[in-house]
Amino acid sequence: MAKQNLADKVVSLCKRRGFVYQSSEIYGGLSSTWDYGPLGIALKNNIADFWWREMTQLHENILGIDAAILMHPRVWEASGHVSGFVDPLVDCKQCKARFKAQDLVKTWRRKKKLEALGGDIPETAEGDMDELKKLRWPEATCPSCGTTGMLTAPRLFNLMLKTWLGPVEEAAALVYLRPETAQGIYVNYQNVVNTSRVKIPFGIAQIGKAFRNEITPGNFIFRTREFEQMEMQFFIKPGENPKWLEYWRDERFRFYVKLGIKPERLRIHRHAPEELAHYANDAFDIEYEFPFGWQELEGVHDRTNYDLSRHAEFSGKDLAYFDEETRERFVPYIVETSAGLNRTLFVCLLDAYDEDTQEGELRTVLRLIPSIAPIKVGVFSLVKKDGLPEVADHIAGDLRRLCPTFVDHQGSIGRRYRRMDEIGTPWGITVDYQTLQDQTVTLRDRDSLEQVRISTNVLSDEIRRRLAL
């Protein structure tokens with residue numbers, strides 16, 4: 001299956017079956033914002049639960065919090081977002097297209113159109129604007145319309161979304177929608193230490209929404225302006241950061257394999273010195289081979305003690321940790337694991353999508369692992385008469401206490417199976433005339449297509465066993 005064709009088919013499936021809708025669609029939609037339908041929110045919640053279990057329940061030294069989206073504006077001054085969370089933008093005066101300056105330069109260099117520039121592309125901080133302005137933008141060609149000499153010089157654009165608290169829109173009331181969830185963990189680090197009696201090394205995990213006024217969003221739900229992050233900040237003793245960075249790099253790679261992602265479509269990329277963020281000492285990306293190329297799925301970063309030191313400086317609070325065993329005081333170093341929930345959902349759909357032929361018909365199937373499948377079991381009556389629907393409804397009612405279950409009495413049994421296969425349902429149960437005689441049903445497996453007769457008395461136990469509950 002062609003890569004781009006795969007992306008198109010997954011997007012079509014999402015819209016057709018109720019995974020993802022265009023936001024505000026009846027009004028023409030809002031660019032790069034998406035709503036999650038019944039199957040989409042179920043899948044998203046299941047992935048989040050899978051992550052939460054892996055990061056908190058299975059680690060006795062990792063605790064969870066849920067920090068507010070709105071925070072004191074000084075938080076973002078301390079973190080560097082107010083002054084440094086900017087992108088230099090270039091506009092085409094001919095076609096009105098807008099581009100990130102760095103993206104344009106990288107594209108042009110790949111095409112050998114700007115070889116004379118030489119050197120590295122500077123980072124997107126204010127101090128680098130002078131360097132960007134030296135580039136010959138007016139002589140360059142717009143990649144959108146092909147016009148030469150119509151590109152503006154770069155200008156800074158802050159990616160944070162602003163709002164105001166209170167009735168008056170004035171500077172004193174200015175706040176930001178958080179561009180990341182990590183800062184909510186840093187400013188609560190001492191609260192967690194004081195109330196939970198945790199000892200280093202320990203982690204704080206959080207799942208929550210973040211907002212970035214992205215200039216070039218796209219590729220469906222890969223990059224959006226409103227998204228959810230799954231982050232864990234691991235607080236450690238200075239000097240132990242290389243060990244823990246490697247540990248969490250390997251742990252997070254294994255997580256995606258457990259999630260059902262094919263290992264051959266995953267890889268680890270270590271940041272070169274010029275790629276490192278200003279706060280990072282070392283960093284790895286776990287990348288996935290999307291239809292549009294290898295892209296970051298999760299970042300694992302050695303953030304040193306940059307964040308806590310900055311918040312201590314800006315707040316005037318002592319954020320040092322006291323080690324009762326060694327009697328040392330130090331500002332902890334942090335190893336961060338940061339993943340996007342929306343992006344992970346997209347990866348799960350892309351990786352699970354498959355097509356085969358059954359009984360001469362094309363079958364679309366999502367081979368999701370059972371624990372994240374939106375619906376675990378489909379229950380069907382062979383015909384819609386003779387008491388079979390009532391038996392199917394009773395079985396479905398029992399199974400719903402165990403797991404999400406769907407019941408369907410309409411259409412051919414083969415077509416009903418395929419509808420369930422298309423949304424990733426692992427098992428189908430058919431109630432037929434033999435059920436009325438010996439209280440057995442047919443249990444069908446989505447992937448192997450194996451069908452076995454099983455007594456209704458042990459049906460729940462069998463599903464529980466298959467779900468590993």
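**Exercise 1. Why is strand β10 (residues 226-236) largely enclosed by the rest of the structure?**

Before we start, a word on the model: it is predicted, so local features need pLDDT of at least 70 and side-chain atom pairs count only at pLDDT 80 or more, while totals for chains, interfaces and linings use all residues. Residues are numbered from 1 along each chain as its sequence is written, and side-chain values use heavy atoms, with hydrogens and water left out.

Step 1. Find the strand; helices (H or I, at least four residues) and strands (E, at least two) are DSSP runs, numbered from the N terminus.

Step 2. Check burial: buried means under 20% relative accessible area, exposed over 50%, and partly exposed in between (1.4 Å probe, protein chains only).

Step 3. Conclude: β10 is largely enclosed because 10 of its 11 residues are buried.

**Exercise 2. Find the strands that pair with β10, using the rule that two strands pair if DSSP finds at least two bridges between them.**

Step 1. Take strand β9 (residues 202-211), which pairs with β10 in the antiparallel sense over 10 bridges. Here Phe 227 is the bridge partner of Ala 210.

Step 2. Turn to strand β16 (residues 333-340): eight bridges join it to β10, and the two run antiparallel. Phe 234 has Val 335 as its bridge partner.

**Exercise 3. Describe how helix α2 (residues 38-57) meets helix α9 (residues 241-258).**

Step 1. Look at α2 by itself. Its 20 residues reach 27 Å from first C-alpha to last, close to the 28 Å expected at 1.5 Å a residue; the expected span is 1.5 Å times one less than the number of residues.

Step 2. Compare the axes, which are lines fitted to C-alpha atoms over the stretch in contact, with angles from 0 to 180 degrees between N-to-C directions. Those of α2 and α9 come within 12 Å and cross at roughly 145 degrees.

Step 3. List the contacts (heavy atoms within 4.5 Å). Phe 50, Trp 51, Glu 54 and Met 55 in α2 meet Trp 248, Arg 252, Phe 255 and Lys 258 in α9.

**Exercise 4. Is Phe 220 buried or exposed?**

Step 1. Locate Phe 220 in the loop between β9 and β10.

Step 2. Read its accessibility: at a relative accessible area of 9%, Phe 220 is buried.

Step 3. Notice the backbone too: Phe 220 has a positive phi of about 65 degrees, although it is not a glycine.

Key
Two strands pair if DSSP finds at least two bridges between them.
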